[in-house]
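Hi,

Here is the structure I said I'd pass on to you. Have a look at it first, and then read my notes below.

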Amino acid sequence: MAHAKPIATLRSATGIPTGRLAIWWVLASEVVIFGGLLGAYLMHRLGHPEWADAAAHTNVWFGAFNTFVLLTSSFTAVLAHQAAEKGNGKEAAKLLCFTILGAVTFLIVKSIEWTNEILHGYTITANNFWSFYYTAAGLHGLHVIAGAVIMGFIAFDAYRGKELQRVEFIGIYWHFVDVVWIFLFPLLYIAK
Amino acid sequence: MSEHQEHHDEHHVNYKKIYFTLLGLLVVSVVGPFLGILWVTLLTAFGIALVKARLVINNFMHLKWEKRLMKWMLATSLVLMGIMFAGVAPDVMNHEGNNWENVAAKAAVARGVDGGEHAEEAGEEEETATEVVAAGFSAEQSFTLVCGTCHGSAGDGTGPAGAALDPPPADFTDPVFWETRDRDRIRIAIRDGAAAVGGSALMAPWGALYPDPDHLEQMVDYVISLGPNE
């Protein structure tokens, strides 16, 4: 990449750009965080056949639509990366804004879905299934919010042609958020 | 896999093709489970999730082109996750072992299946619970299932899970026990736990199991019926 780099990205003991190594380290720790949560969910789910009754009340269409939204936002994120590699900061910023739009859509759908469920009495304290449901999807939702905010800053810089390498880093993070949802979707919505 | 390949800025991935493949797989993973066949559901829901994740990780995150170090790093996280699961799952997924029994989990299964409309899943606990439900509420069966694990199904304090408890579970057949007990006290102990009447904190509150006051009274009657005077 031909553009100006912060000093940290110039130093590399591994041959991997430091920023990208850092984002993968973050993701390695995220794997343990989400892995622990989903692993705990899975073992309880397998030990409690009655959770299927609670899971039957989740709405597969909300989940499927949000999967579509996240897959699409991952697609625009990777196109932003492609644009950044060609040095086209404006195009990258535009595509990142589409990705943020995806994040906002995801959160709006999620809030409609949760409002509906909470009004029907399926709150986080209703039973252990719903506790896991809100904890796992909630933790994932926080990652969506964090990603969207950081993407805003990166898009702002990218539009001015600055720090274009960061477009790739936020993209890698965003795809991870997508991958987590790819697993949450069948675990929470499809297995009934 | 191109593990030895250097990371290139241009990966020549057809992102659009990958994207539409992902959407196609999403449709299959939603439609598959509607067939209602267990193995089709598992395959379409979880098998396809793995395929989708792999497509995203390799082509969007470009892990395919990363150095081996990065893959080892992620693999370490996955292994740690596996160790956690393997270590904890046997205790969580089983509700009883040689010397222990998870009374709360069993009761939760029984209660959950009771209230549910989707009781078609297989499972030993569920079968037992369904039998209880089919017969309507029975204080005797509920006592055996819930109380009997510690107090013994005869109420003499010799249940398998009670052996290790200190103080030991109450013996309802002991006349001395009834010298200091009355109906109200038994009711409160069942509903709010024995600690609520100055007894052992190990006797948990079970009120949530008997939201119907009539069922709670039947439980009180049953406990009293175990006493020597009746």
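Along its sequence, chain A reads α-α-α-α-α-α-α, with 7 helices and 0 strands. Here helices (H or I, at least four residues) and strands (E, at least two) are DSSP runs, numbered from the N terminus. Bear in mind that this is a predicted model, in which local features need pLDDT of at least 70 and side-chain atom pairs count only at pLDDT 80 or more, while totals for chains, interfaces and linings use all residues. Residues are numbered from 1 along each chain as its sequence is written, and chains are lettered from A and ligands numbered from 1 in the order in which they are written.

Chain A has 192 residues, and 48% of them count as buried. "Buried" is 20 or more other C-beta atoms within 10 Å of a residue's own, "exposed" is 12 or fewer, and "partly exposed" is in between, with C-beta atoms placed from the backbone. Take chain A's contacts between residues at least 6 apart in sequence: 79% join residues at least 24 apart. A contact means that the C-beta atoms of two residues, placed from the backbone, lie within 7 Å.

Now for chain B. It has 9 helices and 0 strands, and 24% of its 230 residues count as buried. For chain B, 40% of the contacts between residues at least 6 apart in sequence join residues at least 24 apart.

Have a look at H2(A) next. This helix has 30 residues and spans 43 Å from first C-alpha to last, close to the 44 Å expected at 1.5 Å a residue (that is, 1.5 Å times one less than the number of residues). Its buried residues include A:Trp24, A:Val31 and A:Arg45.

H2 (residues 18-47) of chain A packs with H7 (residues 165-190) of chain A at about 10°, their axes 10 Å apart. Axes are lines fitted to C-alpha atoms, for helices over the stretch in contact, and angles run from 0 to 180 degrees between N-to-C directions. H2(A) and H7(A) are therefore roughly parallel (angles under 35 degrees; over 145 is roughly antiparallel, 65 to 115 roughly perpendicular and the rest oblique).

And where do the chains touch? Chain A puts 40 residues into the contact and chain B 48. On chain A's side, H2(A) gives the most, with 11 residues.

Cheers
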